[in-house]
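Q: I have a new structure open and I'd like to learn how to read it. Can you take me through its features one at a time?

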Amino acid sequence: MRTRVIGLLSASVALLADQATKMVVVGNASVLARGIEVFPGFDLVFFRNDGVTFGMLAGFPWWGLTLLALCICCGLFLLLLRTQSQLEAIAYGAIIGGALGNILDRVRFRAVTDFLDFHIGDLHWPAFNLADVFVVGGVAILLLPPILRSNRHA
């Protein structure tokens with residue numbers, strides 16, 4: 001029971017943090033469209049991505065990506081309900097919350113709001129958002145312990 005609460009709390013934090021930052025970005029879209037340098041190599045920008053990671057599947061119907069993400073969230077929710085590991089519950093929650101944040105964007109804007117832009121000179125990593133950070137962080141939390149265990153036994 002406690003792991004479920006931890007997982008749901010993790011999902012809530014991820015979703016709320018993502019939506020709060022996106023609200024600020026959308027509210028300042030006209031300024032951020034040109035980009036604001038925070039420090040060399042990192043800018044805040046306003047960008048709408050109708051695809052998925054790195055712009056893959058751009059132009060794919062928004063509702064298709066939304067349904068796919070919802071199905072994945074349902075599967076992850078089942079895993080969250082079954083896990084006894086608090087760490088896994090946090091990871092599943094982070095992934096679910098991040099995915100739900102991007103789903104809300106797709107439903108409202110037919111695209112995801114991205115705003116974190118890392119670069120070296122003119123070479124830019126694709127812009128992303130906090131939802132993406134929570135999804136990648138959650139996946140890393142799930143993958144790292146088995147990798148570390150296998151390296152210890154090698």
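Q: Is D105 buried or exposed?

A: Buried means under 20% relative accessible area, exposed means over 50%, and partly exposed is in between (1.4 Å probe, protein chains only). D105 has 0% relative accessibility, so it counts as buried. Keep in mind that this is a predicted model, where local features need pLDDT of at least 70 and side-chain atom pairs count only at pLDDT 80 or more, while totals for chains, interfaces and linings use all residues. Residues are numbered from 1 along each chain as its sequence is written, and side-chain values use heavy atoms, with hydrogens and water left out.

Q: Which residue forms a salt bridge with D105 at 3.5 Å?

A: Side chains of opposite charge can pair when their charged atoms come close. A salt bridge here is a side-chain nitrogen of Lys or Arg within 4 Å of a carboxyl oxygen of Asp or Glu. For D105 at 3.5 Å, the partner is R108. R108 and D105 sit 3 residues apart in helix 4, so about one helical turn separates them. (Helices, H or I with at least four residues, and strands, E with at least two, are DSSP runs numbered from the N terminus.) R108 is partly exposed, because its relative accessibility is 48%.

Q: Where does K22 come in?

A: K22 also forms a salt bridge with D105, with the closest N and O atoms 3.2 Å apart. That pair links distant parts of the chain, as K22 is in helix 1 and D105 in helix 4, 83 residues apart. K22 meets D18 in a salt bridge too, 3.0 Å from N to O. Both K22 and D18 lie in helix 1 (residues 2-27), 4 residues apart. K22 has a relative accessible area of 2%, so it is buried, and D18 is buried at 0%.

Q: How many salt bridges does the structure hold?

A: The structure holds 3 salt bridges.

Q: What about the surface: which residues form a nonpolar patch?

A: A patch takes residues with over 30% relative accessible area and no salt bridge, joining like charges within 9 Å and nonpolar side chains (Val, Leu, Ile, Met, Phe, Trp, Tyr) within 5 Å. Here V139, L143, L144, I147 and L148 form one, with about 430 Å² of accessible area together. Those areas come from the Shrake-Rupley method with a 1.4 Å probe, and for residues only the protein chains shown count as cover. L144 lies in helix 5 (residues 130-153), and its 45% relative accessibility makes it partly exposed.
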